[in-house]
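Dear colleague,

Please find the structure below, together with its sequence.

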Amino acid sequence: MAQLVADIGGRPGIDCRGFCEYCYFRHAREVPAFGCRYCSPFRKGCDYCSRSVGERYTGFRSLSDIGEDILARLQVLQGEISRVTISGGGDPSCYPRFTDLVELLGSMEAPLHIGYTSGKGFGDPKVASFLIDQGLTEVSFTVFAADPLLRKKYMHDPHPKVSLRVLEELCGAVDVYAAAVIIPGINDGVVLEKTCAWLEDRGAKGLIIMRFANSVEQGLILGNAPLFPHVSVHRVEEFRDLVSDLASRYALRITGTPLWDPAIGSPFAILQEPDLLDKLPRITGDTRVLTGTVAAPFLRRIITLCGGSADQVVTAGKEIACLITADDLAAMDPEVFTPAVVIPGRAFVYEREAAEIISRDGVERRIIRGPEVLTADGETSMGMTRNQVLELEMEGLAELIRAINRGAE
Ligand code: SF4
């Protein structure tokens, strides 16, 4: 069974009726390419780390381009299409020929998913029944708050009552995963409780709450921090408790990102599975592992349980490992590193440059890029079973341990 993605292109903020106040890309500057896992060994900067990260697309793609793309993929795909997903940098609800696009994809008679929409482009509540008729089965929909005035103010939604009406109707008919970036003092507290109750009432499948990032350490790496100068964000533990509390009170699945998923026990659900931990390879070397401050305590426990030591895990200035850049390495004392260092698979660093930075005290050290993922955050685990998360963790951690052991050879 094959899956098909219809990439509509588009630019965040520009192709979604203006930037939401909290958008990760708001005020993003042109920053030099970071370097990443996709760069060639001869050149720092590839399409991914120079263009896709900043979602620097040129605008929505034309319907004919999208159609041709789909036709080309259909020719190489084998077997039945299990789902068609609409995705892109811009918001599908704002796609100028949205109805034609949906009719085109609906004609394939495969379950239709909308990977992400804010709903800001929906100007008529009838769009909900149209989508249902065309085979929509799943949508991820930014709710922000069930209060139309807050949607208007913070998302710049021109028709907040209409988009909430569409969301409401979809909740009753298809799998709706709502999402909300939580800004303390704006859509948390009573507002968030009302949003949860509203979604529960309407039959949403889940709600993914995202901790707001407001500083470079929290992940705003595009030269655009802070987004809200006077807002201090939830501490990680505080956020985790908020997710647990809401999940225990409302009858819909609630997960958080960067953590946590109370139903699965992730990230690092494997910590509750001693038998699986026993099956991981044993650590035979003292190679240091670089990670973010959110993952570090979990990784320290896992590494200790697999025969290594907690000191092997060192943290850079970022909370999220995937957003570590060369600047974070430059701010660290090179002496914390061993002759080889395992960095996060998705870290935005160019390996040759990273090796130079961590060897700047005259001691030669090398970089080993670790696995892409070690666990699932709440956004990812929302669509997974516990076993799928555990399988992903087993694979990622086994690869990490092999990299640690290789570093000591
Ligand atoms: S809809 Fe999403 S991508 Fe568009 S401005 Fe809002 S947060 Fe950014």
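Predicted model: local features only at pLDDT ≥ 70, side-chain atom pairs only at ≥ 80, totals over all residues.

The protein is divided into two parts: domain 1 covers residues 2-257, and domain 2 covers residues 269-407. Their C-alpha centres are 29 Å apart. To the contact between them, domain 1 contributes 32 residues and domain 2 contributes 23 residues.

The interface

The size of an interface is often given as the accessible area lost when the parts come together. Here domain 1 and domain 2 bury about 2000 Å² between them, and 59% of this area lies on carbon and sulfur atoms. Within domain 1, the residues that lose the most area to domain 2 are Arg37, Glu217 and Arg253, which together make up 26% of what that side buries.

Side chains of opposite charge can pair when their charged atoms come close. Three salt bridges are counted between domain 1 and domain 2. A salt bridge also links Arg211 to Glu319, where the closest N and O atoms are 2.6 Å apart.

Which elements supply the side of domain 1 that touches domain 2? Helix H1 (47-52), strand E6 (206-211), helix H8 (236-249) and strand E7 (253-257) each give at least two residues to that side. The largest share, five residues, comes from E6. By class, the residues on this side of domain 1 are 17 nonpolar, eight polar and seven charged.

The ligand surroundings

The residues around the ligand include Pro12, Gly13, Cys16, Gly18, Phe19, Cys20, Tyr22 and Cys23. Tyr116, Ser118 and Lys120 also belong to the residues around the ligand. Sorted by class, this shell has seven nonpolar residues, three polar residues and one charged residue.

Backbone features

Most residues other than glycine have a negative phi, and most peptide bonds are trans. Against that background, three places in the backbone may be worth a look.

- Ala225 and Pro226 are joined by a cis peptide bond, with omega about -10°. Pro226 sits in the loop between E6 and H8.
- Ser266 and Pro267 are likewise joined by a cis peptide bond, with omega about 10°. Pro267 is located in the loop between E7 and helix H9 (274-279).
- Arg17, a residue other than glycine, has a positive phi, near 60°. Arg17 lies in the loop between strand E1 (2-7) and H1.

Salt bridges in the whole structure

How many salt bridges does a search of the whole structure find? The search finds 22. Arg73 and Asp69 are separated by about one helical turn, because they are four residues apart in helix H2 (residues 63-76).

Yours sincerely

Technical notes: Residues numbered from 1 in each chain as written. Heavy atoms only, no water. Domains from an automatic or database assignment. Contact = heavy atoms within 4.5 Å. Buried area = accessible area lost by both parts, 1.4 Å probe. Salt bridge = Lys/Arg side-chain N within 4 Å of Asp/Glu carboxyl O. Nonpolar A, V, L, I, M, F, W, Y, C, P; charged D, E, K, R; others polar. Near = heavy atom within 4 Å.
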